[in-house]
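Open the model in your viewer and keep the sequence panel beside it. The stops below say what to select and what is found there.

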Amino acid sequence: MKRRVFIAIVVMGFSGLVAEILLLRELLIVFSGNELSIGIILANWLILEALGCLFPGRMVEKSKHKLEAFTLITILFSLSLPAAVFLTRSLKSIIGVSVGESIGLLPMFYLSFLILLPVSILHGALFTFGCRIYAMFSAQDASSVGRVYVYETVGTLIGGVACTYLLLPHLSAFQAFIGIAILNFVVCLILLAPYWETGPPQKALLIGLGALILFSGYLASSGQVDKLHQYSIQAQWKNHNVVHYQNSQYGNTCVIENQGQYIFFQDGIPSLITPVPDIIFVEEFVHLPLLAHPAPAQILILSGGAGGIINEALKHPSIAAIEYAELDPLLLDLLRKFPTPLTEAELTDARVKIRHVDGRLFLKTTSQSYDLIFVGIMEPSNLQANRFFTQEFFSLAKSRLNEGGILVLGVPGSLTFLNDALKDLNSCIFHTLNSVFSHIRAIPGDGRNVFLASDAPEISSIDMGQVVRRLNERGITAEVMVPWHIEKKLHHGWQDWFTRFLEGSSQRINHDFKPLGLFYSISHWNALHAPSFGQLFKQFERINLGIIFLLFVLFLLLYVSFRSVNIISATASIPFAIVTTGFAGMMFSLIVIFAFQAIYGYVFSWIGLLVAAFMAGAACGAMLMTGAMARMQDGRRFFMAIELTIIGCSVMLPFVLLAVNAYAGSQSLLFFFQMLFLGVSFVPGLLIGAQFPLANKLYLKDGASLSGTAGLLYAADLLGGWLGGIVGAVVLLPVLGLVGACITVGLLKLASFIVVAAPSHASFVRR
Amino acid sequence: MNTLFLKEFTRRDFLARTTRLCFLGGLSSTLSGCGKTEAPIPAPERVVAEIVEETVEVSAGFEPAYLKLHRTGELKRRAEELWAIMESCQLCPRRCGVNRLKGASGFCRSPGATLVISAFHAHFGEERPLVGEGGSGTIFLTHCGLRCVFCQNWAISHLGRGSEGSIDAFADMMVRLQESGCHNINLVTPTHYSAHILKALDVAAGKGLRLPIVYNTCGWERLEILALLDGVVDIYLPDFKYWDGGLSAKYSAGADSYPEITSAAILEMNRQVGVAKPTSAGIVQRGLMIRHLVMPNDVGGSEEIMAWIAENLPKDTYINIMAQYTPAHKAYDHPEISRRITTEEYQKVVQRARDAGLTNLDIQGWWWLQQ
């Protein structure tokens, strides 16, 4: 029986992660996601799961039929998954929001909360129930929580790998969830089968499970699931002619056909229309820089080249080669699947070399140099995109430019709504460029401002006369590149305009390890969609290490005062330590992935490996600790030792990462450094995993119930993870940078160490 | 000719050609007898003479229309009259009757009588006769009574993003734009703020404002309100978006009266300020400039609009035929406008305008030149 429970818990972990990833993807398509929307969705998931652990989960103690209740919750959880997908896809129709239209912060919060409510609460409750039934069959108490934690983590690990490489690229969400449902029903059937004779409720449940398996199997095999998928897609895209809908490892792409034009949506955002691109922007973006260069021959385009940019660049007769780095092969596959003369010409031209690789990674590894480098990512809206707007990236680009070469990039701009957040974003990127290049030319526009950066002065002085002369010499015909339009774009008034526009705005530099551009990008999103929250969010920019230290001291003073008058009990120190550990775990995981991306580029398999290493660490830690606990004399002392080690990790991590960054160019050290990255993922995972079962043991000592303890501490872990995910990614890392964020984690863990250490000291004094 | 035109056509050429087109337009309409419209069109020789005279005169010392009204106190009186209309708001054709003076929001959603502005600056991307060397002093006013589903400025017109400002601050903006060298004060989406505009204008005129006012509107204006703007506005810059009331109702929140009201409004605007004629510096200081956005599947009724303009207004009326439509905001709720326009769709409208004898067309790009 113990083995059956073990399988059920692994499947529970597996199902939870698959549900989280797939629903996150579905919700992001609806919410047009950035780092903030990811944070909000994950936050809701974790909070609801924590609530599930705490409240419905605790009912297990009162339940006479624990196994049956576990089965029933599993059934409800499995049924809630396809319902959540269907609801998500119908969301915009229900609330009257159009396809491609963004949703504000508040609706984003409560809609994702409502959709995730049944799924996450039920999954949270499963953890507490799982601990109880495992204890029931293993006749152990404290260690059973640890073991369940290990098995659940193993399931999560398998779920992550399966989701990334199998479910996301090959199955629709409905197919994946019907598979998950069948798996869960079968596991429950196996779990409950020995109780067939116990009584009518068990029989009814088993018959019900059998019927559900047959029904789900019928849905999957008869194509009904595909019909449901198609029906929900039509509901989501409001009866547009959806000709393709597919997930890849990197995102979702949906193609709509409309009277010979194909509209490509990436993660719900309209990104490309073929064969009619955004002619005005594309021509300005391509031709003005190319005409500013006397003889462009070698061009590099980092993302976004297909669908207009390459076509326009090829009109310049001196172009010998265009290297085009596009991370997601799906987009180009779909451009080939739905060809137009424009895209066919672009993708089949002998001068164009396409590489499916992260643009930054390509730039780092190439030995080529270029006359112009175009960055097709137009906003640092997440940590990944921010890497194309940092001082380090600009320096790298500069080193790959030929003499007189030009770097070209776009940043959100507006002529109709000039808000402080937009100014800060532009000013930050401008000053970052200015810290690397001698000359920068800004070409303001409505929607996008284009920046040209070069060490040659020509971009600053080029005017309509020169541009028109070169246009003439090169025999280029374009739709809007006519003299009066060029005159408008290069009007001398724009230079003063832009200088005035930046007046009084942030002059801070965007770094790889201090991604302020992301912070300003989120601020800009807030200014459009959530101005009231934006006012509050903006204040976070003022956070510095001094304030963090002050908060640390203030917290300790308050804690000592409350403890001295018994407002806070000593037992509260354990859940607090677990919250801070959850926070640290999320931050470490985030920092390692973020640093790897910054140093080595976005490599999907490596990101997966780093997450897997962290989770494997957590599983190993929990497993080792669960085994060792029985022999352990002084658990609290060991707990504090782990606390100190986590503090040590916080201090060491920036040193290690900065050292790796300093020697990142060394090929001989590449393997060693990559292994080191796996190591720095594994070790914090190990510590965090080890602490959880020990915390349960210490908390149980004070007479708490097993399920109550498991629920409370698991909820504390999730709460910490939530704080780390949203505060860490959106505020701490961008504003304080890698070092500041690590110091903050260290201080927080120091606070928890002091809090945990305090009770034993107090009792010593009393004695 | 095309190649030369494409490569060498500069601002100076544009001015020369605009003058020539005005002349040819007047001449051709006289010769073909197409000029028999309600609006009086002078004889071609007279047009040229007038242009020359006006050019010289205007360059010598332009005085905006509102100054006279400011001096007599009439501007203040009209501002108060418009302000009082907000008590049961009838400023736009919705006439929703809310008491904005007590803070109520009507269909336009502007917060009572509070003024909200999203941006003000010297703009160098507007129509070239408005931009010149110093730029068009553009002030973007938030909210809108028309509320089109495809609005690209939805953040300001639908959500009202911007900052609240007083009348004095508004007036100071105008003066600052003048000081920075702008050629005009370009008020974008002014309809529901017309009372504020006149009040601020009165203050700004007292502080030395001497620039012409550009009334940059969706075109859906009540004649009663336009009557109060007579002698205040120097340049009317209306859109003419739809020809079919059913479609204007569909895409602009039930505004089925749009074609009827807008056509009447444009005739009144033309009566007030006449044809837009550039000065020797290439700047328009007075006149009517119409914008028309070509939309997919001809939902705007572009050809009918061109024909109507040709029949009812002088042939040399300035028309900016815009090609930049892209589905935005809630456009994807309507498959027929969920794409960009094609070259053929744009060319067809331009051709229709030319066939109708319209001579002062602002055409965007190579599409036209390809012909």
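Select B:His143, in the loop between β2 (136–141) and α7 of chain B. This is a predicted model. B:His143 is not a glycine, yet its phi is positive, about 65°. Is B:His143 buried or exposed? With a relative accessible area of 6%, B:His143 is buried.

Move on to B:Thr189, in the loop between β4 (185–188) and α9 (194–206) of chain B. B:Thr189 is another residue other than glycine with a positive phi, here near 55°. The relative accessible area of B:Thr189 is 22%, so the residue counts as partly exposed.

**Chain B as a whole**

Now colour chain B by secondary structure: there are 15 helices and nine strands. Chain B has 371 residues, and 61% of them count as buried. The accessible surface of chain B is about 13500 Å², with 53% of that belonging to carbon and sulfur atoms. Among contacts in chain B with a separation of 6 or more, 70% are between residues 24 or more positions apart.

**Two salt bridges inside chain B**

Select B:Asp234 and B:Arg286, whose side chains meet in a salt bridge at 3.4 Å, N to O. B:Asp234 sits in the loop between α10 (223–229) and β6 (235–238) of chain B, and B:Arg286 in the loop between α12 (258–273) and β7 (287–293), so the pair ties together parts that are 52 residues apart in sequence. B:Asp234 is buried at 1% relative accessibility, whereas B:Arg286 is partly exposed at 35%.

Next pick B:Glu224 and B:Arg222, a salt bridge in which the closest N and O atoms are 3.5 Å apart. B:Glu224 has a relative accessible area of 49% and is partly exposed. B:Arg222, at 11%, is buried.

**Where chain B meets chain A**

Show both chains and select the residues in contact: 47 from chain B and 49 from chain A. The size of an interface is often given as the accessible area lost when the parts come together. Here the area buried between chain B and chain A is about 4100 Å², and carbon and sulfur atoms give 56% of it.

Which elements of chain B give two or more residues to the side that touches chain A? They are α1 (2–8), β1 (115–123), α6 (128–131), α7 (154–157) and α15 (366–369). With five residues, β1(B) gives the most to this side. By type, the residues of the side of chain B that touches chain A are 21 nonpolar, 15 polar and 11 charged.

Side chains of opposite charge can pair when their charged atoms come close. Between chain B and chain A there are three salt bridges. One of the pairs to select is B:Lys330 with A:Glu101, where the closest N and O atoms are 2.9 Å apart.

Stay on A:Glu101, found in the loop between α3 (66–95) and α4 (105–138) of chain A. A:Glu101 counts as buried, at 13% relative accessibility. The A:Glu101 side chain also reaches the backbone nitrogen of A:Ser98, at 2.8 Å. Neighbours within four places in sequence aside, A:Glu101 is in contact with A:Ser32, A:Lys92, B:His329 and B:Lys330.

**Two stops in chain A**

Select A:Thr274 and A:Pro275 and look at the bond between them: the peptide is cis, with omega about 0°. A:Pro275 is in the loop between β4 (269–274) and α9 (279–292) of chain A.

For the last stop, select A:Asp424 and A:Lys538, whose side chains meet in a salt bridge at 3.2 Å, N to O. A:Asp424 lies in helix α16 (residues 420–434) and A:Lys538 in helix α22 (residues 531–539) of chain A, so the pair ties together parts that are 114 residues apart in sequence. A:Asp424 is buried at 8% relative accessibility, while A:Lys538 is partly exposed at 25%. Over all chains, the structure holds 34 salt bridges.

Definitions and conventions:
Residues numbered from 1 in each chain as written. Chains lettered and ligands numbered in written order. Predicted model: local features only at pLDDT ≥ 70, side-chain atom pairs only at ≥ 80, totals over all residues. Heavy atoms only, no water. Contact = heavy atoms within 4.5 Å. Buried area = accessible area lost by both parts, 1.4 Å probe. Salt bridge = Lys/Arg side-chain N within 4 Å of Asp/Glu carboxyl O. Helix = DSSP H or I, 4+ residues; strand = E, 2+ residues; numbered from the N terminus. Nonpolar A, V, L, I, M, F, W, Y, C, P; charged D, E, K, R; others polar. Buried < 20%, exposed > 50% of the residue type's maximum accessible area, 1.4 Å probe, protein only. Areas by Shrake-Rupley, 256 points an atom, 1.4 Å probe, with all protein chains shown as cover. Polar contact = N/O pair within 3.5 Å; in protein donor to acceptor, adjacent residues only side chain to side chain.
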